[in-house]
Amino acid sequence: MSDQAIIDAYSDRPWEAPGRHEPVVRLRGIVKRFGGIEAVSGVDLDIYRGEIFCLLGGSGCGKTTLLRMLAGLELPDAGSIEIDGQDVTALPPYERPVNMMFQSYALFPHMSVAANVAFGLKRDGIRGAELESRVAQALAQLELIDFANRRPHQLSGGQRQRVALARAIVKRPKLLLLDEPLGALDKRLRENAQYQLMKLADDTGITMIVVTHDQEEAMVLSTRSAVMDKGQVRQIGTPSELYERPGSRFVAAFLGNITLFDGSVAAIRDGIAELSVDGLDAPLFAAAGSVLAGSRGALAVRPEKVRIGREGEAPESQVNRLGGIVEGLAYLGDITSYRVRTDHGALVEVTRANSENAAKRDLDWDDRVEVWFSPENALLLGAD
Amino acid sequence: MAEASTSRPVTDAAGKSFWFSGKGLVAGIPYLWLFVFFLVPFAIVFRISLSEPLIAQPPYSPLFGADGSYQGSFFNYQLLFEDALFRAAYLNSLWVAGISTLVTLLIGYPMAYVIARARPLVRNLLLMAVMLPFWSSFLLRVYALKTIMADTGLVNGLLLNFGLIDAPIRMLQTDFALYVGISYTYLPFMILPLYATLERLDWSLVEAAEDLGCRSWKAFLLVTLPLSVPGIIAGAMLVFIPATGEFVIPNMLGASDTLMIGRMLWDTFFSERDWTLASSLAVVLLLLLVLPIMLFQIAESRREERV
Amino acid sequence: MSRRRGKVALLGLVVAGFAFLYLPLVVLVLFSFNASKLVSVWGGWSTKWYLELFRNEQILNAAWLSLKIATINATGATLLGTMAGLVLARFGRFGGRALFTGLIAAPLVMPDVIIGISLLLTFVSMEQFIGWPYGRGIDTILIAHITFSTAYVAVVVQSRASGLDRSIEEAALDLGARPITAFLLVTLPMLAPALASGWLLAFTLSLDDLVIASFVSGPGSSTLPMVIFSKVRLGVTPEINALATLLIGIVALAAGTATWIQIRRSGRA
């Protein structure tokens with residue numbers, strides 16, 4: 001292997017040089033219909049070795065159907081699925097080098113933890129000492145040694161989740177599919193489980209595809225995510241790409257909070273667009289994306305990028321400034337979130353770190369305020 | 001449609017290919033069995049009801065003569081409609097089954113309700129207690145009722161001993177005995193579907209109704225009762241339909257002249273050896289029961305959907 | 001106040017309901033030990049009816065026949081009924097499903113006399129045209145019993161199967177089990193309680209059937225219910241009480257064991 005190949009193999013961002021890397025999973029034109037309704041309509045995806053790739057979207061967006069097609073539990077109506085260079089489109093689940101962790105965990109209720117974990121290995125004809133050592137290794141990896149002889153109904157939710165995970169990785173699949181793997185856990189357990197999952201991915205090097213509806217989970221876990229809607233992939237990117245540079249209103253609104261101002265683009269100068277906002281006299285300015293002058297668009301700005309102060313506190317240099325009244329506020333410990341009704345009737349969300357608030361006098365309900373943000377911190381999105 | 005493409009869903013089969021797959025074989029065996037031994041027999045009963053009785057083996061006339069001419073007739077049905085006795089028997093069967101169903105519902109509903117609301121352990125014990133009599137012989141339990149209700153039976157014996165009555169009260173060989181017998185033997189069939197429905201009921205709905213100002217009996221009438229209708233229908237049909245054609249209970253508990261159609265059919269078949277008239281009696285009974293059977297099936301499939 | 005009274009009234013109704021269910025059983029047991037032949041007269045404790053029962057070869061032969069039929073019937077009906085139940089629970093829509101559902105539901109309610117006469121006439125016609133079944137006896141009773149028992153087993157299996165988490169079987173496939181292996185190692189063990197209760201139900205139904213067996217049996221194949229029926233019609237027969245008591249004892253013992261196992265299991269969980 002050449003030095004370059006080794007460097008490539010360990011590259012953190014293989015998707016940035018697709019020509020030099022072979023994806024582990026290659027989906028092309030996947031379509032799935034249920035009774036004439038398209039659940040998945042034309043999905044292409046390349047997923048690379050060692051990735052934790054999230055399929056992110058609301059219920060009914062097609063993410064679980066896509067996962068089940070990867071597992072072989074559903075067959076696509078059109079398109080092809082390649083795993084590690086092998087076309088598996090028509091292979092049944094039991095012939096695919098893929099394992100899945102089910103949302104309900106789907107543990108065999110009549111078998112002990114150890115028997116659950118051993119089930120898949122036995123199907124491959126593994127017996128005796130090798131079977132025992134591999135089961136023991138998987139149990140150790142997920143801190144389940146003490147529970148080996150228990151039945152699933154004698155375990156807590158977190159333990160069951162780990163058994164499901166152990167069962168799915170013990171066969172060392174080329175691809176691990178996880179359907180809402182942490183959905184049934186409470187918040188505290190979930191955070192631990194997230195890090196455990198990332199550590200497992202790191203230790204084993206197994207490529208993972210995770211279905212989740214929880215954008216925070218996707219942000220924490222994923223190397224990259226695909227945001228899905230109505231059976232289609234809307235955008236693929238790293239967490240920060242998706243958050244900082246959403247390509248559409250849908251993606252912008254799906255990940256985190258955002259305030260949108262609709263209007264038409266009056267002019268673009270030096271990469272900054274001037275937007276005549278509907279119902280507002282003064283224009284607002286934002287970094288121009290791919291939007292053309294004269295077209296409709298929306299200015300998008302994240303709450304933490306907006307500043308808030310009493311009237312007149314905004315620096316004179318700020319071009320994007322709006323007067324309004326505090327219509328709601330919520331103290332969230334680390335931050336305080338404000339909802340400001342502007343004079344032209346729009347609702348703007350602002351968050352401010354509380355370490356900052358301590359210095360200033362607290363703003364209260366119905367206070368007259370001013371909000372402002374710099375054009376570089378706002379993004380112009382297309383009209384869709 | 002979608003099936004025309006390369007689709008081969010693992011989880012749901014559809015379209016023509018079903019009957020030629022492994023699944024078709026699994027479905028086909030019980031299907032064929034029930035088709036041959038449950039559905040076809042109705043056609044045969046109907047065919048024989050068109051014949052006339054003969055002293056021969058088998059004891060009915062062929063449907064086609066030696067010259068191939070059609071010889072079937074509605075002779076037996078004519079007999080059924082012209083004879084007031086048969087009409088009365090059908091009406092009385094429906095009446096007795098109806099009253100007994102009502103009695104069974106009134107006894108069974110509170111029991112199902114209490115079982116459904118009991119703690120899981122108590123619930124299982126009570127369910128077992130409901131099923132237990134069912135597991136022991138039906139015939140022997142009817143026989144026990146007979147010994148209890150007879151003129152020289154337990155109840156009359158006790159009452160006479162304590163001097164509460166001078167002469168035995170006639171219970172056996174009355175319609176009263178039929179109501180008791182049917183409600184007794186069919187009670188588990190009423191309780192179980194009722195229980196199944198009530199057990200799945202979301203009791204917070206009742207709490208919500210009470211929270212919104214309903215007294216508990218009103219919450220029962222407005223929430224619990226309407227939601228248990230599928231269970232009531234299923235239970236009522238499980239009692240009503242077989243009770244209409246019941247033979248053992250009228251034979252053992254009823255009077256010798258009790259007009260119940262199941263018994264008449266039995267006597268026509270075994271005593272008078274008129275297979276053709278018995279067949280037409282069965283066909284008319286089946287026609288009378290088609291509507292309740294459909295009702296039962298709708299209630300069953302609705303309960304299934306709610307699972 | 002009124003709420004409590006309502007509760008007391010409800011409990012009273014339930015107690016009365018259970019008393020109604022159990023009184024006849026108590027009477028049977030009690031009078032099986034009555035030395036007197038008359039129900040209204042207590043002649044002191046005695047076990048002579050049990051001795052008479054065990055000397056009655058007609059009853060013993062019929063009981064043996066009925067047990068044989070019930071066992072074969074239960075096994076056959078469990079086989080067919082499990083298939084049918086799985087078809088209803090798992091196979092989704094297919095051409096002919098509506099009729100199939102009807103063929104499963106109708107035997108549950110169909111009056112015995114209708115099933116009896118229609119099957120008998122079918123057997124007679126079959127014999128006439130294809131020469132089988134030749135005459136009537138154990139095999140015709142078995143066919144008749146399997147036919148209606150299958151429907152009961154199917155309903156029990158269906159309700160258990162549709163309550164199972166589909167993804168457990170999918171997990172087995174995903175872990176490399178072929179469909180038949182997944183069925184044997186995962187689906188079947190999870191269905192086991194339903195299969196057991198289905199088998200017992202079919203066994204009981206067969207052991208209990210008088211009407212259908214009377215239509216389709218032949219000479220020399222009198223089942224236990226047929227013998228009991230002919231005996232009780234003739235008059236009071238205390239050895240029948242003894243038989244009933246034995247039966248109730250067996251059932252109570254089985255039910256008690258089942259409950260005990262269930263309680264122990266839930267206690268361990």
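Me: Is D270(A) buried or exposed?
Reply: D270(A) counts as exposed, because it has 5 C-beta neighbours inside 10 Å; on this scale a residue is buried if 20 or more other C-beta atoms lie within 10 Å of its own, exposed if 12 or fewer, and partly exposed in between, with C-beta atoms placed from the backbone. Keep in mind that this is a predicted model, in which local features need pLDDT of at least 70, side-chain atom pairs count only at pLDDT 80 or more, and totals for chains, interfaces and linings use all residues. Residues are numbered from 1 along each chain as its sequence is written, while chains are lettered from A and ligands numbered from 1 in the order in which they are written.

Me: Where does D270(A) lie, and what is its phi?
Reply: D270(A) is in the loop between β11 (259–269) and β12 (272–277) of chain A, where helices (H or I, at least four residues) and strands (E, at least two) are DSSP runs numbered from the N terminus. The phi of D270(A) is near 55°, a positive value in a residue other than glycine.

Me: And D366(A), what about its phi and its surroundings?
Reply: D366(A) is not a glycine either, and its phi is positive at about 65°. The residue sits in the loop between α10 (354–357) and β19 (368–373) of chain A, and D366(A) counts as exposed because 9 C-beta neighbours lie inside 10 Å.

Me: Zooming out, what is chain A made of?
Reply: Chain A has ten helices and 20 strands, and its C-alpha trace spans about 80 × 50 × 45 Å along the principal axes. Of the 384 residues in chain A, 41% are buried. The domain assignment, which is automatic or taken from a database, gives domain 1 (3–97 + 173–249) and domain 2 (257–381); the centres of these two domains, taken over C-alpha atoms, are 35 Å apart.

Me: Which strands make up the open sheet of four in chain A?
Reply: The order in that sheet is β2-β1-β4-β5, with antiparallel pairing, where two strands pair if DSSP finds at least two bridges between them. The edge strands, each pairing on one side only, are β2 (37–47) and β5 (86–87) of chain A. Inside the sheet, β1 (residues 25–34) and β4 (residues 78–83) of chain A run antiparallel and are joined by five bridges, and L27(A) has I81(A) in β4(A) as its bridge partner.

Me: Switching to chain C, how confident is the predictor there?
Reply: The mean pLDDT of chain C is 90, and 96% of the residues score at least 70; pLDDT is the predictor's confidence in each residue, from 0 to 100. The model as a whole scores ipTM 0.91 and pTM 0.87.

Me: What does N241(C) touch?
Reply: N241(C), which lies in helix α11 of chain C, touches L28(C), F31(C), S32(C) and W49(C), leaving aside residues up to four places away in sequence; two residues are in contact if their C-beta atoms, placed from the backbone, lie within 7 Å. The C-alpha atoms of N241(C) and V29(C) are separated by 6.7 Å, although the two are 212 residues apart along the chain. N241(C) counts as buried because it has 26 C-beta neighbours inside 10 Å.

Me: Where is the cis peptide bond in chain C?
Reply: The cis bond joins W132(C) and P133(C), with omega about -5°, and P133(C) is in the loop between α5 (112–130) and α6 (138–163) of chain C.

Me: How many residues does each side give where chains B and C meet?
Reply: Chain B gives 77 residues and chain C gives 71. On the chain B side, helix α1 (residues 22–49) of chain B contributes the most, with 18 residues.

Me: And where chain C meets chain A, how many?
Reply: That contact takes 15 residues from chain C and 18 from chain A. On the chain C side, the largest share, six residues, comes from α7(C).
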